[in-house]
Each structure stands twice: as structure tokens, then as C-alpha cells.
Protein chains: 2
Amino acid sequence: MHIDGLTQLIAHLGHPTHSFKAPMIYNPYFESVGVNAVVVPMDCRAEDFPQVLRSVFALDNVRGALITMPLKVSVVPLLDEVTPTVKVAGACNAVRRGASGRLAGDMFDGEGFVRGLRGKDFRVEGAQALVVGCGGVGSAIAASLAAAGVGSLALFDVDAAAMDRLAARLREHYPALRVTTGDRDPAGRDLAVNASPLGMEPGDPLPMDASRLEARTFVGEVVMKTETTPLLAAAQARGCRVQVGTDMLFEMIPAYLEFFGFPTTDAQTLRSVARVRY
Amino acid sequence: MHIDGLTQLIAHLGHPTHSFKAPMIYNPYFESVGVNAVVVPMDCRAEDFPQVLRSVFALDNVRGALITMPLKVSVVPLLDEVTPTVKVAGACNAVRRGASGRLAGDMFDGEGFVRGLRGKDFRVEGAQALVVGCGGVGSAIAASLAAAGVGSLALFDVDAAAMDRLAARLREHYPALRVTTGDRDPAGRDLAVNASPLGMEPGDPLPMDASRLEARTFVGEVVMKTETTPLLAAAQARGCRVQVGTDMLFEMIPAYLEFFGFPTTDAQTLRSVARVRY
């Protein structure tokens, strides 16, 4: 990696920064393709964020910003333009300059999940989908599934208020989409997604009743602490195709590269150059 | 070079950034000694600078800032604490957090010049010095020569107002120092410095009458466009010891490393690892 006076910056804003992985994925990729750009961690507390965001985009050599915890939600009202995916997800993790210097935001967590499905030849359009977990990542996946044209979305969360708020946002922005809440039975679904934290700790209950999974159901996971979580193991035992947590991570990066206007590539290439292992 | 979530930043602020050299000096050094820090160019226009400076120091992983054109002068009133060298130079090029998060600034352009002299066994204390050129770099060198204890300082600039302002600042902060203005005769000096731009363009007149140089006089140069400028060639022909322009540049970097609290080294090591050539 080489930094000089022509280097463009992607500001990676969050707090704390110690667990950031993006610099070790993007920077080796930029180096491998000869792009003079670098993702730089910027440790920003919530109370400083409105001023810092304005300042970051006052810098001529900033190409964009990656926004992560705890700033993904609070960034939304600071932007001039956001996509329906941001509105449904209630969060934004990528910002660039739009027309006339306006700040434009999008959200690619769920897009990574959807791209991963498509890369595995799962037909998203018209699919009957279940999403268990309506927090940040579940909302992002639901938003991207809706944008990608699923036929129905069943939502579940033990936090009923969060579930209902996500359902309301989906119904507002996708009035033709069938949205249901409160049922996490995977039977009869084309797609069943765990977007809850269940599976991170040993002894966690399964997020859904795996004995009700049909072999035709595609099972997706967001937990990346272990590659094959208990849910994925159970799904594979029942003949289901699956998607592991880190697929979402690497599949979203081409979407960011396109958003920021960089040469793009596929997730497999990104995995091969990344200096981080999961 | 490796950037991860624990990387500390030195913000290199100026506009434009395309000619920045510091990233190619500091970053290879940090890499060579295993320091997880990186100098990052930030292209900041003057009108945005007050807000940007505050924002940069709101970031927990920012260790300090290098300030360059056109911000070196306007940064001074934005700081909470500055050294006498900043006050005399009228400019500041390094900022760090002081006690209680206060912003503390210092100025090392002239310090690099003085360290270069000392490294060549020139005795600065008590020296009779001439500085031709009272702009930014001349003021910085005069400030550092005063701080280092020269015996007298003769100043010259075709811009008499700039020369007189520098003389007044020196007299205010170093009342015991003999400061004279308007005479650029190098005869009888221990040290003669060109801090004017003369020597950058072919056909420039010499900044001082080289035929009046005595062999015992040490001649220093700030122009780095060519290593041996016409003044330095004339000085060497008269038997004078000399210091080239880039010596100042590399000699000041250990001072910055100390200021920011990084492991330090000598100018020669920095030259050997730098990915930039002059």
C-alpha cells in the first residue's frame, strides 16, 4: 500500500474502531488493482458525529464514508438523500457526495445478503421469505429482500415493538408486498433467514424450529462467529442449501465499490486478497 | 503498510495535497519500525479549516496533525497553547492534544534547519547569523535560531514590512538577542542562510553577494529544487561548509516524531527508508 498526495480516502467512521475489518479487505484490494485509495478508520463518538461528518465531506480527497456502530442510525437525518432501503432499514452505512455536493446515503448490509443468494442461484423474485430478528441487520435484510422483489415477508422478533415498526416501514414503502408478523415457522418458506444473535453463544436455542425446515428451503445466516452455526448444521442435515454469515460481508463489498465509483470485482476475489480471516 | 482498527492517524492538512511528501517519509518509517500509525493527506480548504481541525481532534485515534499551506498561519489563533517559536514564526505546522484535550502547536521547519547545523558540528550558540528572506520559512528559521541561542540575527527581505514584523516579534520574545535589519552582507557572519526563493529558477540572482563570503562562514539553503544551488556552489568554491535544502526537511522529522510521542530516529535513517526522492 502506498499513500501519497493523490490518495483518495474512504472514511470509516464508528466507535470504537478496534474490531474494524473493512481496511483489511478494501485496502489490499485497492493495492491489488492499482487504485490509489485507502479506507481509514476514524474513531468518532456519537456526540461529535454531526460535525465530523460535515468536516469529512469538506475534504476534497474524501471519496465517501463507511458508517458503522453506533452511527448507522443517527446518520440518516444528517443526509440530504437516502434510498428506500435506508428508509426501511432505518439505517445507512455508506455515504457519498450526490449532485451539488448533497450527501447521499445507501445501505448495503442486506444487499450483500441478497447478492449472496443470487450468486447461489436462489431466485429472490417472488420468494416466500421468513426473517427472524428485526434489529439492525434483520431490518437491512428485510429492506433489501423487499427491494429485490420477494413475494412475501414474514417477520419475527421477541421484541414485538421492533418487529411491528419494521413491518410498518415495509408496508409504507412496499404497499404491494405481503408482510406478516409473529410467526417464525419455517415450513412452507422458500427462504428462512436468521438475523438474530442466536448462534453466537454456545447453548443458544435455535432461532427457529429446524425440524420444520423443508429440503427446498434456502437457509441464510448472519452470525459469523462460527462458519457453520447450529442452525446451518441442522439445515444442511435436512438437505437445505445454506449461506454462511461471512458471505453477506464479502458480497456487499462490490456494491460499495460501485456506489463509490471504484472498479469492482466479485466476492471471491475480495476474499482471496483480504488480510483478515473469519 | 497495514491499516486496521487499531491504527493511529496523523492528519496531514493542506490544500492542495498533490505535492505532499510527508506520507512517503513517515509511513515507510512507521512500517520499518512496526508502529501502527499512518500519515493521511486531508485536502482542506481554508474556509473549512476551523471546523475540520476541531473534528480531526474529536477523533479518538488521531494522534496529531501536520499543518501545511495554506493553513500554517491561520491555525495559530485556533490553538490553546503555542510555543515562542510559533509566536515568532507566526505559523505552526504541528498540533497535538495537550493537557485536558487542549490543542497545542509547535513549529519545526526551523528546528530541522538547526538540527542539521548541529549534526554538521556547527556551533549555533552565540553565532552571528544572517537570514535572507523573512517569509514563512525565513521566519521559522529565525525563530529556531533565536530559540537555539544565536548571538545576533541580521535579517533581510526586499519586503521591508515583512522584515520589520519579524524583527519586532524576535525582539518581543528574545529581548536579549541583537536583531538588525536591512543588511545582507555575509561578511563577518558565522552563518549565512538563504531562506528566500532565489535559486528556484534558472537565472535568479544570488540572494547575497557570494564574493563577500568568508571560508569560515557556514552557508545554509532552503531551496530544494536542485541539491547544489548556485549559492551553495559559490559558497563551496570559497571553502565554506554548506547545508542543502532537503537536510532541513529530513532533520525536522525526528522533532515531529518526538512531539507526537513516537519512537524517533535520525535523519539518515529516514532518508534511507523514504519512498520519495529529491
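User: Which residues of α1(A) are the buried ones?

Analyst: In this predicted model, the buried residues of α1(A) are Ala22(A), Pro23(A), Met24(A), Ile25(A), Tyr26(A), Asn27(A), Pro28(A), Tyr29(A) and Phe30(A). Each has a relative accessible area under 20%, because that is what buried means.

User: What makes α1(A) a mostly covered helix?

Analyst: The count decides the matter: of the 12 residues in α1(A), nine are buried.

User: Against which elements of chain A do the buried residues of α1(A) pack?

Analyst: Their partners in chain A are the strands β1 (8–14), β2 (37–43) and β3 (62–67), together with the helices α8 (245–260) and α9 (267–273). Packing here rests on heavy atoms within 4.5 Å.

User: What shows that the length of helix α1 of chain A agrees with its number of residues?

Analyst: Helix α1 covers residues 22–33 of chain A, and at 1.5 Å a residue its 12 residues should span 16 Å. The end C-alpha atoms lie 17 Å apart, so the two values agree. After the helix comes Gly34(A), with a positive phi near 75°.

User: Why is α2(A) called oblique to α2(B)?

Analyst: Helix α2 (residues 49–58) of chain A and helix α2 (residues 49–58) of chain B pack at about 120°, and their axes are 9 Å apart. That angle makes α2(A) oblique to α2(B), because the perpendicular range is 65 to 115 degrees and the antiparallel class begins over 145. The crossing of these two helices is left-handed.

User: Which residues make the contact of α2(A) with α2(B), and what are their classes?

Analyst: α2(A) contributes Gln51(A), Val52(A), Arg54(A), Ser55(A) and Ala58(A), while α2(B) contributes Gln51(B), Val52(B), Arg54(B), Ser55(B) and Ala58(B). By class, the contact has four nonpolar, four polar and two charged residues.

User: Why does the pair α4(B) and α5(B) count as oblique?

Analyst: Helix α4 (residues 109–119) and helix α5 (residues 136–148) of chain B have axes that come within 7 Å and cross at roughly 55°. The roughly parallel class is for angles under 35 degrees and the roughly perpendicular class starts at 65, so an angle between those limits is oblique. α4(B) and α5(B) are therefore oblique to each other, and α4(B) passes α5(B) in a right-handed crossing.

User: What meets what where α4(B) and α5(B) touch?

Analyst: On the α4(B) side are Asp109(B), Gly110(B), Glu111(B), Phe113(B), Val114(B), Leu117(B) and Arg118(B), and they meet Ala140(B), Ile141(B), Ser144(B), Leu145(B) and Ala148(B) in α5(B). The contact divides into seven nonpolar, two polar and three charged residues.

User: Why is Leu59(B) called buried?

Analyst: Buried requires a relative accessible area under 20%, and Leu59(B) is at 3%, so it counts as buried. Leu59(B) lies in the loop between α2 and β3 (62–67) of chain B. Apart from neighbours within four places in sequence, Leu59(B) is in contact with Leu13(A), Met42(A), Asp43(A), Cys44(A), Val52(A) and Arg97(B).

User: Why is Gly90(B) placed in the partly exposed class?

Analyst: The relative accessible area of Gly90(B) is 24%. The class runs between the buried limit of 20% and the exposed limit of 50%, so Gly90(B) is partly exposed. Gly90(B) sits in the loop between α3 (84–89) and β5 of chain B. Not counting residues up to four places away in sequence, Gly90(B) touches Val73(B), Val76(B) and Arg169(B).

User: Why do Asp121(A) and Ser100(B) count as exposed?

Analyst: Exposed means over 50% relative accessible area. Asp121(A) has 69% relative accessibility and so counts as exposed; Ser100(B), at 78%, is exposed as well. Asp121(A) is in the loop between α4 (109–119) and β7 (128–132) of chain A, and Ser100(B) lies in the loop between β5 (94–97) and β6 (103–106) of chain B.

User: What is the phi of Asp121(A), and what is that of Ser100(B)?

Analyst: Phi is near 60° for Asp121(A), a positive value in a residue other than glycine. For Ser100(B), also a residue other than glycine, phi is positive and near 55°.

User: What are the omega values of the cis peptide bonds from His15(A) to Pro16(A) and from Met69(A) to Pro70(A)?

Analyst: Omega is near -10° for the cis bond from His15(A) to Pro16(A), and near 0° for the cis bond from Met69(A) to Pro70(A). Pro16(A) is in the loop between β1 and α1 of chain A, and Pro70(A) is in the loop between β3 and β4 (81–82) of chain A.

Note on methods. Residues are numbered from 1 along each chain as its sequence is written. Chains are lettered from A and ligands numbered from 1 in the order in which they are written. This is a predicted model: local features need pLDDT of at least 70, side-chain atom pairs count only at pLDDT 80 or more; totals for chains, interfaces and linings use all residues. Side-chain values use heavy atoms; hydrogens and water are left out. Axes are lines fitted to C-alpha atoms, for helices over the stretch in contact, and angles run from 0 to 180 degrees between N-to-C directions. Helices (H or I, at least four residues) and strands (E, at least two) are DSSP runs, numbered from the N terminus. A crossing is left-handed if the near helix is turned anticlockwise from the far one by less than a right angle, and right-handed if clockwise. Ala, Val, Leu, Ile, Met, Phe, Trp, Tyr, Cys and Pro count as nonpolar, Asp, Glu, Lys and Arg as charged, and the others, Gly among them, as polar. The expected span of a helix is 1.5 Å times one less than its number of residues. Buried means under 20% relative accessible area, exposed over 50%, partly exposed in between (1.4 Å probe, protein chains only).
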